[in-house]
Amino acid sequence: MSQFYALAAAGSNFVARGCDCLAHRFGNAADHPHRRSRYPSDMTDAEWVQVRDLLPVPGWLEGRGGRPEAYCHRQMVDAVRYLVAGGITWRAMPADFPAWDRVYAFWRRWRDQGWIAEFHDRLRDRVREAAGRDTEPTAGIIDAQSVKGAASVPAASRGFDGGKKVNGRKRHIVVDTLGLLLAVSVTAASVTDRDAARTVLTRLHQRHWPWPGYGRTAAIPGHWSTSPAAPCGSR
């Protein structure tokens with residue numbers, strides 16, 4: 001994983017008023033106009049201070065190639081937050097944000113590099129610490145929900161949940177005891193909880209914490225239970 005803002009080199013060329021992201025300090029973001037916050041999904045200055053130090057240092061700043069970024073990191077994060085909060089398409093991005101394809105390319109690069117997952121995990125750790133918990137949870141809760149698929153959802157990735165009478169997709173999630181997300185998997189609604197649990201729990205086990213066992217439940221085969229303790233339930 002790349003280094004983060006707190007470890008960034010000194011000697012910036014920061015000239016942008018009101019933004020201290022790396023693209024403004026070291027890149028070419030100053031060539032684009034400053035954006036004024038106007039939407040409920042925009043980060044406050046206090047939120048940006050918390051987020052800023054958790055963002056990855058881009059490859060061009062670490063000498064790993066690539067062109068210095070020309071778009072403000074704060075604007076990019078606000079654009080993605082706006083899209084998620086409003087449930088809009090990429091092409092419906094408001095004109096005061098960078099062009100939608102630039103925002104999408106930013107998000108896709110961070111996703112492919114694993115930075116979005118790392119960013120999320122670091123934020124979750126801070127929330128747990130603020131609640132007086134250890135950063136690494138020792139218990140989790142798994143559940144699934146079937147949701148109706150839009151007409152644009154292709155047949156190859158949708159299915160019919162006979163129990164819920166829903167034609168669409170199903171999301172399987174694992175959360176800690178505070179309700180903070182640990183792992184997620186999206187399948188066709190026809191995939192059973194038993195089969196999906198194998199995937200999402202294995203992913204959780206590999207990515208996060210080697211819990212001693214998954215626990216025996218009615219939905220998960222008995223061989224998943226490797227310990228008398230049951231730190232992860234199925235409800």
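Two strands pair if DSSP finds at least two bridges between them. In this predicted model, strand S3 (residues 166–175) pairs by that criterion with S1, S2 and S4.

The S3–S4 pairing is antiparallel, and seven bridges join S3 to strand S4 (residues 181–188). Within this pairing, histidine 172 has serine 185 in S4 as its bridge partner. The two strands form a hairpin with five residues between them. Glycine 179 in this hairpin takes a positive phi near 85 degrees.

S3 also pairs with strand S2 (residues 159–161), again in the antiparallel sense, over three bridges. Glycine 159 stands opposite glycine 168 in S3. S2 and S3 form a hairpin too, with four residues between the strands. Its turn contains lysine 165, which has a positive phi of about 60 degrees.

Strand S1 (residues 140–148) runs antiparallel to S3 and is joined to S3 by eight bridges. Here, valine 147 has arginine 169 in S3 as its bridge partner. In a regular strand, side chains alternate between the two faces of the sheet.

The C-alpha atom of glutamine 50 is separated by 8.7 Å from that of leucine 123, 73 residues apart along the chain.

Key: Residues numbered from 1 in each chain as written. Predicted model: local features only at pLDDT ≥ 70, side-chain atom pairs only at ≥ 80, totals over all residues. Heavy atoms only, no water.
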